[in-house]
Amino acid sequence: MAQDKILVVGGGISGITAAVEAAEMEYDVYLVEKEPTLGGRVLQLRYYFPKLCPPTCGLEMNYRRIKTNPRITVYTMATVKEISGGPGNYKVKVEIAPRYVNENCTACGECEKVCQGERVNDFDFGLSKTKAIYLPHPMAFPARYVLDKSALAEGDLDRIMAACKYNAIEPDMQPQTVELEVGAIIWATGWKPYDASKLDNLGWGRFANVITNMQMERLASPTGPTGGKILRPSDQTEPKTVAFVQCAGSRDENHLPYCSYICCLASLKQSLYLAEQNPETESYIFYIDIRTPGRYEKFLRRAQEEARINFIKGKVAKIEEDPETKDLIVTAEDTLSGKKVQQRVNMVVLAVGMQPSLAEGAVPGVSVDENGFVRVSEGMYACGCARLPLDVMTSNETATAAALKAIQTIVRG
């Protein structure tokens with residue numbers, strides 16, 4: 001019956017957690033994810049809190065729980081288009097985009113070897129390219145290639161189809177629409193980095209060596225564009241001095257008015273990445289307030305001990321580039337000394353804020369607040385960063401809570 005089923009929208013760490021928790025309580029779950037693979041933002045990180053685990057740590061176990069539980073139905077490359085009905089009896093229309101690769105795919109990679117066309121790799125935030133046919137990530141789930149037909153070079157399709165021994169390539173695959181009937185809906189649509197190009201004075205998009213904190217995670221990741229070696233984009237050299245600009249778009253009435261919760265922790269963590277690769281690397285953290293709530297205060301102490309961090313209390317006014325060296329000059333006022341600071345560095349990392357994915361383009365039938373976070377109501381629940389800015393540990397706690405609330409809705413009928 002529809003009333004016994006739960007829809008989870010979003011296949012990141014909180015959506016996966018909500019889905020497996022509900023399914024293991026013997027409720028049928030539909031898990032809908034817009035990307036070609038589950039895993040969400042955690043899959044893009046080098047390490048995540050609180051234990052600084054690599055993505056494999058939490059995701060592999062949960063993938064196994066999904067694979068072995070017949071109560072979970074996963075739809076990738078899928079978006080919710082329409083919702084009708086109410087608690088206990090929702091009707092949901094889901095559109096599935098064509099992958100152009102069917103379930104015969106074994107991810108052997110032969111198709112990729114013969115493909116010549118390339119596309120910008122969104123997973124690496126534009127820091128690399130993939131072939132037109134690609135596996136989204138070595139840990140992709142499902143482990144199946146995706147074909148971007150718009151990126152094919154001349155003759156690519158024939159070469160790809162000839163290379164595939166499993167008849168997995170379907171260039172004529174069409175979009176599908178499925179209609180689901182469920183008793184409750186959990187929104188786990190997560191977050192996206194705030195658009196750094198809107199921060200005109202900070203130079204992202206104009207200066208090669210100004211990157212975002214999520215681009216930094218991809219540079220530090222073994223699956224990233226540099227194999228885990230943190231290198232300057234302009235010349236692929238190791239930076240000896242790096243500035244971190246806190247609250248880039250957060251706590252700003254012109255951008256995101258709220259604190260994004262994890263940005264200070266992320267910059268401290270990334271200072272440790274630099275120290276691991278070269279203990280002599282100098283980090284400069286420009287901050288309004290350093291926020292490391294609860295047990296994370298210990299992490300602040302660790303970063304201070306293990307990395308060479310210079311803390312400068314002051315909001316960055318502007319960033320300029322030396323056109324010859326591509327170094328950057330960061331200008332700020334040190335509010336503790338009252339002096340103007342101009343710091344030359346090899347690279348700048350913008351700690352851009354967390355913006356909920358539904359901030360632009362909310363689904364009809366879903367109520368969001370003025371910032372795009374989902375408003376919880378009977379039958380409609382939110383978890384993780386769809387609800388408010390959170391770390392991974394707390395996202396998982398809210399996911400379990402949302403699963404329990406969804407089950408309560410179903411039990412109450």
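A residue counts as buried when its relative accessible area is under 20%, as exposed when that area is over 50%, and as partly exposed in between (1.4 Å probe, protein chains only). The model is predicted, so local features need pLDDT of at least 70 and side-chain atom pairs count only at pLDDT 80 or more, whereas totals for chains, interfaces and linings use all residues. Residues are numbered from 1 along each chain as its sequence is written, and side-chain values use heavy atoms, with hydrogens and water left out.

Searching the whole structure gives seven aromatic pairs. Rings of Phe, Tyr and Trp (its six-membered ring) pair if their centres lie within 6.5 Å; planes under 30 degrees apart are stacked, over 60 edge-to-face, and the rest tilted. One of the pairs joins Phe-49 and Tyr-296 edge-to-face, at 5.4 Å centre to centre and 65° between the planes. This pair links distant parts of the chain, 247 residues apart. Phe-49 lies in the loop between β2 (28-32) and α2 (55-67). Tyr-296 lies in the loop between β15 (282-287) and α7 (297-306). Helices (H or I, at least four residues) and strands (E, at least two) are DSSP runs, numbered from the N terminus. Phe-49 is buried at 7% relative accessible area, and Tyr-296 is buried at 5%. Phe-49, Tyr-296 and Phe-299 make up one aromatic cluster.

Tyr-258 and Phe-373 also pair edge-to-face, with 5.2 Å between centres and 65° between planes. They are 115 residues apart. Tyr-258 is buried at 13% relative accessibility, and Phe-373 is buried at 5%.
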